[in-house]
Protein chains: 2
Amino acid sequence: MIKNDIVLAIERKTGFSRVKALKMVELILNSMKEALSNNEKIEIRGFASFKIVPKKSGFGRDIRRKKQIKIKGGKRVKFRPGQDLKKL
Amino acid sequence: MIKNDIVLAIERKTGFSRVKALKMVELILNSMKEALSNNEKIEIRGFASFKIVPKKSGFGRDIRRKKQIKIKGGKRVKFRPGQDLKKL
DNA sequence: TAGGACAATATCGTTTTTGATCATCCGCAT
DNA sequence: ATGCGGATGATCAAAAACGATATTGTCCTA
């Protein structure tokens, strides 16, 4: 499923134009991205929760050179599936 | 951020009623849940991708009794943040 | 608005992810 | 429909998530 599939579903179930449906999807996704940008967690019962956590891992690995690489800390988005997504 | 915050954002930016805005959010979330239920992966550039991966059955631990517990295999939703969510 | 359903937390050993990079694949805006 | 920019996969070691359960906290439907 790609973004367009969601847009088509909206279009089909609401009668909205494709452009309007796309706008809806973008609005929602942008709201979520913005919240996460502000280090805000998102919790949607029955779907999932997203939360910003500090990144602590310090080493990775370079395949080609087969050597360890330093990884600078930062932030990550931690995803936790909700109930509906746990019992698939 | 909770579901209602998204609904309010939609309401504010589109002028939709709260009920209609809620319906939009539900539609989108349900589309995604349905896709995952069908073992379909979801990929939305700039946001994230979700994919069903098999869960290996193994062992866990019961805190109270301090004993091992059997964990039956199954499916999990694997989340991978997109570019916009990686450079927060 | 209130209560019922759902999520967070803590714990420990095993399973899974992370992270850089390049080549290949593909979403999606034009 | 086409191309550009973004996503995937592979690799290895270290770091983090997962799982059951009861309790505490909170989302969200009626």
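1. B:Phe79 is buried, at 11% relative accessibility. The cut-offs are under 20% relative accessible area for buried, over 50% for exposed, and partly exposed in between, with a 1.4 Å probe and protein chains only. A:Phe79 is buried too, with a relative accessible area of 12%.

2. A word on the basis. The model is predicted, so local features need pLDDT of at least 70 and side-chain atom pairs count only at pLDDT 80 or more, while totals for chains, interfaces and linings use all residues. Residues are numbered from 1 along each chain as its sequence is written, chains are lettered from A and ligands numbered from 1 in the order in which they are written, and side-chain values use heavy atoms, with hydrogens and water left out.

3. Next, the fold of chain A. Chain A has three helices and five strands. These are DSSP runs numbered from the N terminus (helices H or I, at least four residues; strands E, at least two). Read from the N terminus, the order of elements in chain A is α-α-β-β-β-β-β-α. Chain A has 88 residues, and 32% of them are buried. Take the contacts (heavy atoms within 4.5 Å) in chain A between residues at least 6 apart in sequence: 31% of them join residues at least 24 apart.

4. Now the aromatic rings. Rings of Phe, Tyr and Trp (its six-membered ring) pair if their centres lie within 6.5 Å; planes under 30 degrees apart are stacked, over 60 edge-to-face, the rest tilted. Over all chains, the count is six aromatic pairs. One of them is A:Phe79 with B:Phe50, an edge-to-face pair with 5.7 Å centre to centre and 70° between the planes. This pair crosses between chains: A:Phe79 is in strand E5 (residues 74–81) of chain A, and B:Phe50 is in strand E2 (residues 48–55) of chain B. Both A:Phe79 and B:Phe50 are buried.

5. A:Phe79 also pairs with B:Phe79. That pair is stacked, at 4.9 Å centre to centre with 15° between the planes. A:Phe79 lies in strand E5 of chain A and B:Phe79 in strand E5 (residues 74–81) of chain B, so this pair joins two chains. A:Phe50, A:Phe79, B:Phe50 and B:Phe79 make up one aromatic cluster.

6. Two lysines deserve a look. In chain A, the charged end of A:Lys20 sits over the ring of A:Phe16, 4.5 Å from the ring centre. The rule asks for NZ of Lys or CZ of Arg within 6 Å of the ring centre and within 35 degrees of the ring normal. In chain B, B:Lys20 lies over the face of B:Phe16, at 4.5 Å from the ring centre.

7. On to the interface. Chain B puts 36 residues into the contact, and chain A puts in 36 residues. Together, chain B and chain A bury about 3500 Å², with 78% of it on carbon and sulfur atoms. On the chain B side, B:Met1, B:Ile28 and B:Leu88 lose the most area to chain A, and together they account for 20% of what that side buries. Buried area here is the accessible area (1.4 Å probe) that two parts lose on being put together, summed over both.

8. Charge pairing across the interface is as follows. Between chain B and chain A there are two salt bridges (side-chain nitrogen of Lys or Arg within 4 Å of a carboxyl oxygen of Asp or Glu). The side chains of A:Asp84 and B:Lys33 form a salt bridge, at 2.7 Å from N to O. Several elements of chain B each give at least two residues to the side that touches chain A: helix H1 (3–14), helix H2 (18–37), strand E1 (42–44), E2, E5 and helix H3 (83–86). H2(B) gives the most to that side, with 12 residues.

9. B:Ser31 is a residue to check in that helix. B:Ser31 sits in helix H2 of chain B. B:Ser31 is buried, with a relative accessible area of 10%. Leaving out residues up to four places away in sequence, B:Ser31 touches A:Met1 and A:Ala9.

10. Last, the backbone at Asn39. A:Asn39 has a phi near 60°, a positive value in a residue other than glycine. A:Asn39 is in the loop between helix H2 (18–37) and strand E1 (42–44) of chain A. At 47% relative accessibility, A:Asn39 is partly exposed. B:Asn39 has a positive phi of about 60°, although B:Asn39 is not a glycine. The loop between H2 and E1 of chain B holds B:Asn39. B:Asn39 is partly exposed, with a relative accessible area of 47%.
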